[in-house]
Protein chains: 2
Amino acid sequence: MLDTQVKNELMTIVDTGRYLDRPEELACYAYDAFVVEALPDAVIFPETTQEVSDIVKIASRYKVPVTCRGAGTSVCGAPIPLRHGIVICFSKMDKIIDVNTRDRYIIVQPGVVNVDVQKALAPFGFFYPPDPGSMNTATIGGNMAMNAGGPRCLKYGVTIDYVLGMEVVLASGDIIRFGSKNIKDVTGYKLSSLFCGSEGTLGIITEAILKVRPLPETVKTLMVTFDDLDNTAKAVTDIIGSGIIPVAMELMDKLTLNTIEDVANLGLDREAQGSLLIEIDGVKEACEREMTLIIEKVKENGAIHVQEAKSEVERERLWTARRSAYGVFAKLAPDIVSEDVTVPVSKVPAMIRKIIEITEKYGLKVGVLAHAGDGNMHPMIPANKADKEEWQRVERAFDEIFQAAAALDGTLSGEHGIGLAKSDYLPLVMNKQTIDFMKKIKQAVDPDGILNPGKFV
Amino acid sequence: MLDTQVKNELMTIVDTGRYLDRPEELACYAYDAFVVEALPDAVIFPETTQEVSDIVKIASRYKVPVTCRGAGTSVCGAPIPLRHGIVICFSKMDKIIDVNTRDRYIIVQPGVVNVDVQKALAPFGFFYPPDPGSMNTATIGGNMAMNAGGPRCLKYGVTIDYVLGMEVVLASGDIIRFGSKNIKDVTGYKLSSLFCGSEGTLGIITEAILKVRPLPETVKTLMVTFDDLDNTAKAVTDIIGSGIIPVAMELMDKLTLNTIEDVANLGLDREAQGSLLIEIDGVKEACEREMTLIIEKVKENGAIHVQEAKSEVERERLWTARRSAYGVFAKLAPDIVSEDVTVPVSKVPAMIRKIIEITEKYGLKVGVLAHAGDGNMHPMIPANKADKEEWQRVERAFDEIFQAAAALDGTLSGEHGIGLAKSDYLPLVMNKQTIDFMKKIKQAVDPDGILNPGKFV
C-alpha cells in the first residue's frame with residue numbers, strides 16, 4: 001500500500017475510477033506471460049501526457065517505483081512491478097491521433113492495440129509491419145518498450161525501424177519530444193532508439209509517430225517439409241542468397257509438427273525433420289517469379305513435400321498450424337517457458353540440435369519454432385513451476401541453452417527482451433564495461449532508479 | 001601544439017610516421033566540405049583498437065580534445081577540430097575483417113571506404129545499401145558517425161538500419177562491444193543507435209558489424225519531367241501510395257536542370273518546372289510491372305517527357321545529370337553551402353517554393369535537389385565566403401529556410417548531420433528539455449567533454 005500522503009497527491013490527478021489499490025484489483029496487474037509475479041501498490045490510468053508527467057513527478061519526489069503496462073503480453077517479465085509501487089496502465093491512452101498515409105506516418109498513443117493500427121491503416125491501403133504473435137492484444141507502447149518483432153520482420157524489420165518520433169516522460173516528470181514526421185531525420189541523437197527496447201527503464205513513452213508502408217498487392221504462401229534439419233536451414237540461406245527476402249520463413253522441428261498434429265489434426269507431415277512456412281508479397285508478377293525460384297531452391301535442398309496455398313482459406317490453414325504452436329505446447333503443462341535465443345542463420349541447425357540435446361539430458365520436452373530467416377528461435381519448454389525439482393531442470397536447461405547460443409555467436413533475445421527472464425545472462429554476450437556503460441546511462445537518466453526497477457539494468 | 005609531455009606519451013603508442021604536428025601537415029586536417037576550418041595540434045593514425053584506447057586514455061588524463069576523421073567529406077563541419085587537440089585519422093584502420101553473406105553480415109574497421117565494402121560484397125552477389133553521394137571516398141566510420149543516407153535509402157533505409165554491432169572506445173578509453181552478428185537482437189539498450197549519428201561526441205567507433213543484402217537481379221531507371229512542381233511531388237506520393245517503394249526518386253527543380261544543362265549539355269528539358277529520376281529494382285518481372293504502374297502514375301500527374309533508360313549507358317547518363325548537380329553548382333562561386341532540410345513528402349513543393357522565395361529575397365542563386373521520396377531536400381547556394389556582405393545574406397537565407405522547414409513539420413537535417421552548421425537551430429525543432437536531455441547523456445558519457453567538443457551538444 002502506498003503512503004497515504006502519496007495516494008492523496010496521486011488522487012488529485014485522477015478520479016477514483018482511475019486509481020486502484022484493493023488487493024483483488026491489484027492482482028490483475030501482478031503478472032504477464034512470464035512466470036514471476038509481484039503485486040503493485042496501486043494501479044493508475046492516466047488519460048493524458050500531462051497526467052503521466054504529474055504522476056511521475058509525485059513518484060519521483062517520494063522515490064516510488066513506476067512500472068508501465070500495456071496489455072501485459074510480455075513473456076520476459078518486463079511489466080512486472082518487481083519492487084511494487086505504481087503501475088501506470090495505458091488502457092485509457094488508446095487514441096489514434098493522426099493517420100497520414102500520403103506522408104507515410106501514423107501518430108498514436110501508447111495504449112493503442114497493434115491490430116487497431118492495422119485496422120486504421122487498411123482502408124488507405126497501408127499497414128504497420130511489426131507483427132508480434134500477440135498483435136491482437138499487445139499495445140504499441142509495449143511493442144515499443146520491448147522493440148517487438150514478429151514473423152514478417154524478416155522482410156520488414158522490427159519496431160525500432162518504424163519509430164519516427166516519440167514523446168517521452170522522463171523520471172523527473174519532464175516531457176521530451178524528438179524525431180519528427182520525417183522519414184529521414186538525423187537532427188541530434190537518435191533518442192527513439194534509446195527508449196525503444198529499454199523496457200520502461202529509461203522513460204515512459206506517451207506518444208509516437210510511426211512509419212507505415214503501402215500494403216502489397218499479392219501474398220503467396222508455401223509450406224515445405226524436409227527429412228533433414230540442415231537442409232531445412234540451408235534452404236533458408238539459399239533463398240536469401242538468390243536475392244529474395246521473403247516476408248517470413250518460419251521453421252518448425254519434428255516434435256513441434258507432431259504436437260500440433262496430435263491436437264489440431266491439420267494433416268501435417270509427421271515424418272518431417274523440419275518444415276518451413278514461407279510467405280512472400282509484392283506485385284503479382286514478382287510473387288509468381290519469386291515463388292518459382294523459391295520452389296527451385298527448396299527442391300535443390302531435398303524438400304519432400306511442397307504445398308502452395310491456393311486460396312486465402314488454405315493460407316489461413318497453414319498459418320493456423322504455425323500460430324497454434326505456442327498454445328498447443330502451453331496446454332501440455334501448467335506452465336511454459338518460451339525463449340527466443342537467436343543465432344546467425346547458418347547456425348540454426350546446430351542450435352536446434354543443441355537445444356534438443358540439452359533438454360533430453362534434463363528429461364524435458366521441447367518444441368522448436370524459429371523465425372529462421374533471421375535465426376530467431378523459440379524453444380518452448382512446457383513444465384510445472386510448482387514441481388520444484390522439474391523447474392530446477394528447466395532452469396538448468398536454459399542456462400545451457402543460453403551458453404550454447406553465446407558460443408555460436410548468438411544472442412539472448414531476438415524479440416522478447418531481457419526483463420526478469422535473462423538479466424543474469426547478460427555477461428554471456430557483453431563485457432563488464434558494456435554492462436557498466438548501460439548502468440551509467442540508466443543512472444544519468446533515472447538517478448533514483450524509480451523506472452521499472454529490478455530489471456536488466 | 002600539444003604539451004611536450006602529452007606528445008611524448010602519445011609517441012610511446014605510435015611511431016614517428018603515424019604522428020603529425022608540423023603546421024604544413026596539420027593544415028590538411030583542418031577542414032571538411034563545410035566552410036569552417038580549425039587546426040588540430042596533432043594528427044595520429046592508430047592501427048588497432050587498443051591503440052585508440054591508449055590514445056584516448058592519455059587525452060582523457062590531460063583533458064585534450066579528440067576529434068575523429070574518416071575521409072573528411074562531411075558537409076556540416078562534424079570532423080573539424082574546433083577546440084584543436086588531437087585528430088584521430090582512421091586511414092590505417094581500413095581492413096575488412098570478415099565477409100559472411102550466408103549470415104548476411106560484413107565486419108569492418110572504420111577507415112574502410114564505402115565503395116570498397118561494395119566491391120568486397122559484389123562477388124558474392126550482395127551489397128551494402130547506404131550510398132551517400134561521397135561513397136567513393138567517404139569511410140564507413142564517418143558514415144556511421146553521421147548516420148549517412150543516400151538516394152537509394154528511400155527503399156533501403158539509412159546507415160543505422162544496417163548496423164548490427166559495434167566496438168566503441170569511450171572517453172575513458174574503455175572498450176565496449178554491443179550488438180552481435182544476429183539480424184535481430186534486443187539484448188540490452190540499442191547502443192549502436194546512440195553512437196550512430198552522434199557525430200563522434202559520445203564515443204569512437206573502432207569496428208562494426210554491418211547487415212548486407214542480396215543484389216537485386218534487375219534495375220530500371222526512368223527520367224520524367226513536369227511543367228508543374230506540385231504535380232512532380234504528387235507523382236511521388238501517388239507512386240508510393242500505389243504500393244511501390246522505388247529505390248530512389250530524385251527531384252530537381254528548373255534552375256538545377258538548367259544549370260546542369262549549361263555545363264554538361266545532356267539534353268535535359270530546359271522548360272520543365274521539375275524532374276524526377278526514378279529507379280526501381282528487384283526480379284525482372286516485378287520491375288517491368290512496377291515500371292508500367294509508375295509510368296501510369298506520372299502520366300496521371302501530367303508528365304511531359306518520360307524517358308526510360310534502355311541500356312546501362314543510358315542509365316549512367318541519367319544518373320550523371322543528377323550526380324553532377326553539386327559539382328556544377330560548386331563551380332559557380334568560390335564556396336557552396338549544400339543544406340539538407342527535410343519535410344514530409346507532401347510538403348516538398350511548398351518547401352521548394354519557400355526556398356526559392358527566400359533566396360530571391362536575398363539576391364542569391366539556389367538549386368534544389370531532393371531525395372523526394374523521403375522529403376530530404378538539398379538546396380545548394382553558391383556564394384563567396386570572402387564577400388562578407390554576400391555571406392551574411394547566405395546566412396540570413398538559411399535562417400529563414402530552417403524556420404520555414406520547421407513550420408512545415410520538417411527537420412534540420414535528413415542525412416548531413418548538425419555539426420557546426422546547424423547547432424544554433426536545434427531549438428526550432430526541439431524543446432529545451434529535449435536539448436537538456438541530450439546534454440545529460442553527453443555529460444554522463446563524456447564528463448570532461450573531450451570528444452569532438454564544440455559540436456551540437
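In the predicted model, a salt bridge links A:Lys181 to B:Asp409, with 2.7 Å between the closest N and O atoms. The contact belongs to a set of eight salt bridges that were counted between chain B and chain A, whereas the structure as a whole, taken over all chains, holds 72 salt bridges. Polar contacts were also counted between chain B and chain A, and with both residues required to reach a pLDDT of 80 or more, the count came to 38 residue pairs.

Several secondary-structure elements of chain B contribute to the side that touches chain A, and those supplying at least two residues each are the strands β9 (175–179) and β11 (213–214) together with the helices α7 (191–195), α8 (229–241), α10 (284–300), α14 (426–429) and α15 (432–445). Among these contributions that of α15(B) is the most, with nine residues on the side of chain B that touches chain A. When the residues of this side are sorted by class, 36 are nonpolar, 28 are polar and 23 are charged.

In terms of contacts, 87 residues of chain B meet 87 residues of chain A. The area buried between chain B and chain A amounts to about 7100 Å², and 60% of that area lies on carbon and sulfur atoms. On the side of chain B, the residues that lose the most area to chain A are B:Lys184, B:Val186 and B:Tyr189, which together account for 14% of what that side buries. For the complex, the predictor reports an ipTM of 0.94 and a pTM of 0.95.

Within chain A, the average pLDDT is 95, and 100% of the residues score at least 70. The chain is divided into four parts, namely domain 1 (4–89), domain 2 (96–214), domain 3 (218–326) and domain 4 (334–428). The C-alpha centres of domain 1 and domain 2 of chain A are 22 Å apart, and 17 residues of domain 1 of chain A are in contact with 16 residues of domain 2 of chain A. Between them, domain 1 and domain 2 of chain A bury about 1100 Å², with carbon and sulfur atoms giving 69% of the area. Of the area that domain 1 of chain A buries against domain 2 of chain A, 35% is supplied by A:Thr49, A:Val56 and A:Thr73, more than by any other three residues.

Across the interface of domain 1 and domain 2 of chain A, zero salt bridges were found, while two residue pairs are in polar contact there, both residues being at pLDDT 80 or more. On the side of domain 1 of chain A that touches domain 2 of chain A, helix α3 (49–62) and strand β3 (66–69) of chain A each supply at least two residues. The largest share of that side comes from α3(A), with seven residues. By class, the side of domain 1 of chain A that touches domain 2 of chain A comprises eight nonpolar, seven polar and two charged residues.

A salt bridge is also found inside chain A, where A:Lys284 pairs with A:Glu288 and the closest N and O atoms are 3.4 Å apart. Both A:Lys284 and A:Glu288 belong to helix α10 (residues 284–300) of chain A, in which they are separated by four residues, about one turn of the helix.

Note on methods:
Residues are numbered from 1 along each chain as its sequence is written. Chains are lettered from A and ligands numbered from 1 in the order in which they are written. This is a predicted model: local features need pLDDT of at least 70, side-chain atom pairs count only at pLDDT 80 or more; totals for chains, interfaces and linings use all residues. Side-chain values use heavy atoms; hydrogens and water are left out. Contact means heavy atoms within 4.5 Å. Buried area is the accessible area (1.4 Å probe) that two parts lose on being put together, summed over both. A salt bridge is a side-chain nitrogen of Lys or Arg within 4 Å of a carboxyl oxygen of Asp or Glu. A polar contact is a pair of N or O atoms within 3.5 Å; within protein, one must be able to donate a hydrogen and the other to accept it, and residues adjacent in sequence count only if both atoms are side-chain atoms. Ala, Val, Leu, Ile, Met, Phe, Trp, Tyr, Cys and Pro count as nonpolar, Asp, Glu, Lys and Arg as charged, and the others, Gly among them, as polar. Domain bounds come from an automatic or database domain assignment. pLDDT is the predictor's confidence in each residue, from 0 to 100.
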